[in-house]
Amino acid sequence: MRRRFRKHMRMARYVVYKETLIDFREHFWTFIGSFLGIALIGFINKGSFSATDNIFLIGSFGASSVLIYGIVNSPLAQPRNLIGGHVICALIGVTVHYIIPNEIWLSSAFAVSLSIVFMQITKTLHPPGGATALIANIGSEKITSMGYLYVLSPVLSGAVILLLVAILVNNRAAHRNYPSNKNWYKFWQRRYR
C-alpha cells in the first residue's frame, strides 16, 4: 500500500512539474500565429468599415486563435473542425435569425443549441462555432442585415485566413506539427462509420 502511494505521488509530482514548465518557444510561436492571423483579417478589411464597426473581426475568431495557435494538437483545432464548425454554425445562426427574427433570447438559444448538435453530427466540433451562431443573432444591425453573406464574408474568409496562417506559422517551428493529419483535405477518401 505504501509503495503504491509513493508511486502515485511520484507520478503526480512529475505531471505537475511537466505541466508547469515554461516553454518560451511555444509562447513565441503562439504569439506570432495569433497576432498574424487576427491582424491579417483586420488589415484586409480595414478600408471597408470604420474601426469600431469592423465586422470581419468577429469574437469567435479570438477563441479559434487560442485553439489553432495555442493547442495545435487538439482535435478541436484541426482544419476540418475550424472551417466546418464556423461555416455550419454561421448557416444555422442566420437561418434561425430568419425564422425567429424578433425574439433574440429564443433565437440565440435555439441557434447555439442546434449548432452544437450539428457539429457533433458532422464531426466538426469547434467550440468558437457556438459564438459564430450567437453573433448571427445578437450582432449589430450591419451583421444581421447581411443574411447568408455573413457565412461567406466574415466567417468563411476569416476562418480560411486563420487556417493558412496556422499552417504557415505552426509548421515553421520544429516542435510543432499542424495539422496533425496531413491528408485532412482529402475528404473524398475518408470512410466514416
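Helix 4 and helix 8 run roughly antiparallel to each other, a label given to angles over 145 degrees. The structure is a predicted model, in which local features need pLDDT of at least 70 and side-chain atom pairs count only at pLDDT 80 or more, while totals for chains, interfaces and linings use all residues. Residues are numbered from 1 along each chain as its sequence is written, and side-chain values use heavy atoms, with hydrogens and water left out.

**The pairing of helix 4 and helix 8**

- Helix 4 (residues 79-99) packs on helix 8 (residues 149-170) at an angle of about 165°, and their axes are 10 Å apart; the axes are lines fitted to C-alpha atoms over the stretch in contact, and angles run from 0 to 180 degrees between N-to-C directions.
- The crossing of helix 4 with helix 8 is right-handed, that is, the near helix is turned clockwise from the far one by less than a right angle.
- Helix 4 contributes Pro79, Leu82, Ile83, His86, Val87, Ala90, Leu91 and Val94, which meet Tyr150, Val151, Val155, Leu156, Ala159, Val160 and Leu163 of helix 8; contact means heavy atoms within 4.5 Å.
- The residues of this contact comprise 14 nonpolar, one polar and no charged.

**Nonpolar cores**

- The largest nonpolar core has 30 residues, and those with the most contacts inside it are Ile58, Ile68, Tyr69, Tyr150, Leu162 and Tyr178; such a core joins buried Ala, Val, Leu, Ile, Met, Phe, Trp, Tyr and Cys residues through side-chain atoms within 4.5 Å.
- Helix 2 (24-44), helix 3 (60-70), helix 4, helix 6 (128-138) and helix 8 each supply at least two residues of this core.
- Helix 8 provides the largest share of this core, 10 residues.
- A second, separate core of eight residues includes Ile92, Val96, Ile100 and Ala133.
- Beyond its neighbours within four places in sequence, Tyr150 is in contact with Ile58, Ala90, Val94, Thr132, Ile135, Ala136, Ile143 and Val155.

**Helix 3**

- Ser60, Phe61, Ser64, Ser65, Leu67, Ile68 and Tyr69 of helix 3 are buried, meaning under 20% relative accessible area with a 1.4 Å probe and protein chains only.
- These buried residues pack against helix 2, helix 4, helix 6 and helix 8.

**The chain as a whole**

- The chain has eight helices and zero strands; helices are DSSP runs of H or I with at least four residues, strands are E runs of at least two, and both are numbered from the N terminus.
- Of its 193 residues, 38% count as buried.
- Among contacts with a separation of 6 or more, 71% join residues 24 or more positions apart.

Definitions and conventions
Angles under 35 degrees count as roughly parallel, over 145 as roughly antiparallel, 65 to 115 as roughly perpendicular and the rest as oblique. Ala, Val, Leu, Ile, Met, Phe, Trp, Tyr, Cys and Pro count as nonpolar, Asp, Glu, Lys and Arg as charged, and the others, Gly among them, as polar. Buried means under 20% relative accessible area, exposed over 50%, partly exposed in between (1.4 Å probe, protein chains only).
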